[in-house]
Amino acid sequence: MPAAATQTILVAGALADPDWLGRDVFAACASQPQWRALLRDSQLLEQQASPALAPPEAPHEQWLRRAFRLPSDDSVAAHAALADGVEPPCWRLDPVHVHVGRDHLVLTDPALLQVSADDAAALAQAIEPLLRDESLALDARTPSRWYLRETDPQRALRVSAKSLASAVGRSIELYLPEGADARRWRRLLNEIQMTWFDHPVNRQRAQRALAPVNSVWLCGRLREPRDAVPTPDAPPSLDPLPVPAEIRGLLQRAAGSQSGTGLAAVSFQLLRDRLSSDPQAWARDWSDVIGRAAAVAPTLARGQARLVLTGDSGWKTVGWPALARLRFWRRAAPESLLEDRAGTAPQTPGDAGAGGDR
């Protein structure tokens with residue numbers, strides 16, 4: 001009889017740095033009854049952290065990459081194209097706001113921009129000639145997620161890009177695209193920024209006390225066309241936010257390849273709070289998210305259920321093995337499971353994330 005597929009609850013942004021959150025608040029979250037009840041009879045199966053100074057993808061994206069067995073040249077973020085009805089190959093390109101820090105430029109969380117469809121259309125129209133000169137066609141069918149298609153194979157964009165989620169709130173210098181065409185991209189980026197500097201949309205946004213849309217972020221590419229398949233139902237969200245487009249795109253790709261995934265539920269509210277640098281909102285939302293996760297967990301097959309918690313430096317996987325109740329010495333403290341820290345631990349044999357046994 002084949003082994004049952006792993007069922008995973010993914011809670012992005014759930015690991016916290018006590019110094020960012022505040023140590024008293026961190027201790028209060030770690031001691032909440034719902035959190036401790038969720039961890040009852042559980043074991044820490046895996047702990048991963050990225051050693052890179054500027055990793056190309058955020059920890060939740062790194063976990064999704066492994067869970068969905070993606071090739072190295074396909075971006076997790078660019079899978080939103082499949083959910084948006086954009087045919088690969090294409091690049092994902094997001095309109096963003098970059099602000100000046102003390103001595104560097106910092107990428108602001110795009111969710112705070114509130115770009116309307118009309119504003120996005122006007123801004124896209126202004127830079128289309130610049131992109132066309134570089135043999136790039138712009139698809140701006142959604143206000144916050146745009147796509148680029150290369151129109152001349154001889155002028156393909158030879159760069160490697162880092163995801164927006166990995167760069168938000170950081171100095172952008174280490175996160176800009178690299179590769180043979182990095183200088184070409186930076187020149188084009190400068191032209192886009194100059195075109196938008198005094199654009200009417202941004203003048204109107206200033207009057208409404210909104211940050212200007214003053215740059216774009218190349219998030220990565222999706223290379224190969226995929227067979228058209230119906231978009232499968234997304235896993236339930238544990239918070240009011242809809243399931244991100246890239247998750248829906250990954251599920252569509254998995255359905256086309258006939259490989260199951262096992263995502264039982266997802267939450268991105270805490271990640272949104274982290275990206276917007278709002279520890280107070282994170283602490284407020286923590287109870288709701290963990291409470292909903294605690295409600296879902298008992299409905300899963302305990303031997304195959306996994307809880308994946310991601311943070312700023314990596315992720316942790318918690319499970320409920322059949323013998324966990326007897327192996328009390330292997331239980332991790334609620335405080336240590338909540339803390340976002342660097343370091344790695346060996347993967348438990350048979351732990352496969354969302355993809356089942358590997």
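Trainee: Why does Gln 62 count as buried?

Mentor: This is a predicted model, in which local features need pLDDT of at least 70, side-chain atom pairs count only at pLDDT 80 or more, and totals for chains, interfaces and linings use all residues. Residues are numbered from 1 along each chain as its sequence is written, and side-chain values use heavy atoms, with hydrogens and water left out. Buried means under 20% relative accessible area, exposed over 50%, and partly exposed in between (1.4 Å probe, protein chains only). Gln 62 has 19% relative accessibility, so Gln 62 counts as buried.

Trainee: Which residues is Gln 62 in contact with, leaving aside neighbours within four places in sequence?

Mentor: Ser 50, Pro 55, Glu 57 and Trp 315. Contact means heavy atoms within 4.5 Å.

Trainee: Where does Gln 62 lie?

Mentor: In helix α4. Helices (H or I, at least four residues) and strands (E, at least two) are DSSP runs, numbered from the N terminus. Helix α4 covers residues 59–67 and lies across β1, β2, β9, β10 and β11 (314–319), at about 60 degrees to β11. Such angles run from 0 to 180 degrees between N-to-C directions; the axes are lines fitted to C-alpha atoms, for helices over the stretch in contact.

Trainee: What makes β2 and β9 the edge strands?

Mentor: The open sheet has the order β2-β11-β10-β1-β9, with mixed pairing. β2 (43–49) and β9 (263–267) each pair on one side only. The twist averages 15 degrees from one strand to the next.

Trainee: How do you know that β1 and β10 pair?

Mentor: Two strands pair if DSSP finds at least two bridges between them. Strand β1 (residues 7–11) and strand β10 (residues 305–310) have five bridges, in the parallel sense. Gln 7 stands opposite Ala 305 there.

Trainee: Which strands pair with β7 in the antiparallel sense?

Mentor: Strand β3 (residues 90–96) is joined to β7 (residues 146–150) by three bridges, and Arg 92 has Tyr 147 as bridge partner. Strand β6 (residues 136–139) pairs with β7 over four bridges, with Leu 136 opposite Glu 150. A hairpin of six residues joins β6 to β7.

Trainee: At what angle do the axes of α6 and α8 cross?

Mentor: At roughly 145 degrees, and the axes of α6 (residues 117–133) and α8 (residues 182–197) come within 10 Å. Among the residues that meet are Leu 123 and Ile 127 in α6, and Leu 188 and Trp 196 in α8.
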